[in-house]
Amino acid sequence: MHFAYTIAYVADVEASLAFFERAFGLKRRFVAPGGGYGELETGATALAFAQHDTARGSLGHDYVAADRSDKPLGVEIGLVATDVPSACQRAVDHGATLLTPPTVKPWGQTVAYVRCPDGVLVEICTAMG
């Protein structure tokens, strides 16, 4: 097996794709006809979004929607940046909410957390060692 993609369930795939393009500089890889699913180019593993009705139809169950929860879900998307403070500020300038400002961890990695308009939790960090 190999890790193929992460899919965030969102209310508006187009809005999430557009936000991630503006805030993080990612490019679209694929959008399904009808717009219920879309992917961003992130290297070997895609970051994807599925509209709630598409996700519920595929999953066959309901779930906690990130944009409906007051607290972030217990999962994050990690994006590596060489300049975490600038990347964090760019995300905030485009509508993300700053949760944790850039902090240098004891192991030397710089880490910040933002919450996107669609509720997705993103860690912006420097590469590990």
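Mentor: Two strands count as paired if DSSP finds at least two bridges between them. Strands (E, at least two residues) and helices (H or I, at least four) are DSSP runs numbered from the N terminus. The model is predicted, so local features need pLDDT of at least 70 and side-chain atom pairs count only at pLDDT 80 or more, while totals for chains, interfaces and linings use all residues. Residues are numbered from 1 along each chain as its sequence is written, and side-chain values use heavy atoms, with hydrogens and water left out.

The sheet is open and has 4 strands, in the order β1-β4-β3-β2, with mixed pairing. β1 (5-10) and β2 (27-31) each have a single partner strand and stand at the edges, so one side of each has no neighbour in the sheet. On average, neighbouring strands are turned by 25 degrees against each other, direction ignored; the axes behind such angles are lines fitted to C-alpha atoms, for helices over the stretch in contact, and angles run from 0 to 180 degrees between N-to-C directions.

β2 pairs with β3 (residues 37-41) in the antiparallel sense over 4 bridges, and Arg28 stands opposite Leu40 in β3. β3 in turn pairs with β4, again antiparallel and over 4 bridges; here Tyr37 is opposite Ala50 in β4. The hairpin of β3 and β4 has 4 residues between the strands, and in it Gly43 takes a positive phi near 110 degrees.

Of the 6 residues of β4, 5 are buried, so the strand is largely enclosed by the rest of the structure. Buried means under 20% relative accessible area, exposed over 50%, and partly exposed in between (1.4 Å probe, protein chains only).

Helix α2 (residues 52-59) lies across β1 and β4 (46-51) and runs at about 95 degrees to β4. His52 lies in this helix and is buried, with a relative accessible area of 8%. Its side chain makes a polar contact (N or O atoms within 3.5 Å; within protein, one able to donate a hydrogen and the other to accept it, and sequence-adjacent residues counting only if both atoms are side-chain atoms) with the side chain of Tyr63, at 2.7 Å. A polar atom of the His52 side chain also lies 3.3 Å from the backbone nitrogen of Ala11. Neighbours within four places in sequence aside, His52 is in contact with Tyr9, Val10, Ala11, Tyr63, Ala65 and Asp67, where contact means heavy atoms within 4.5 Å.
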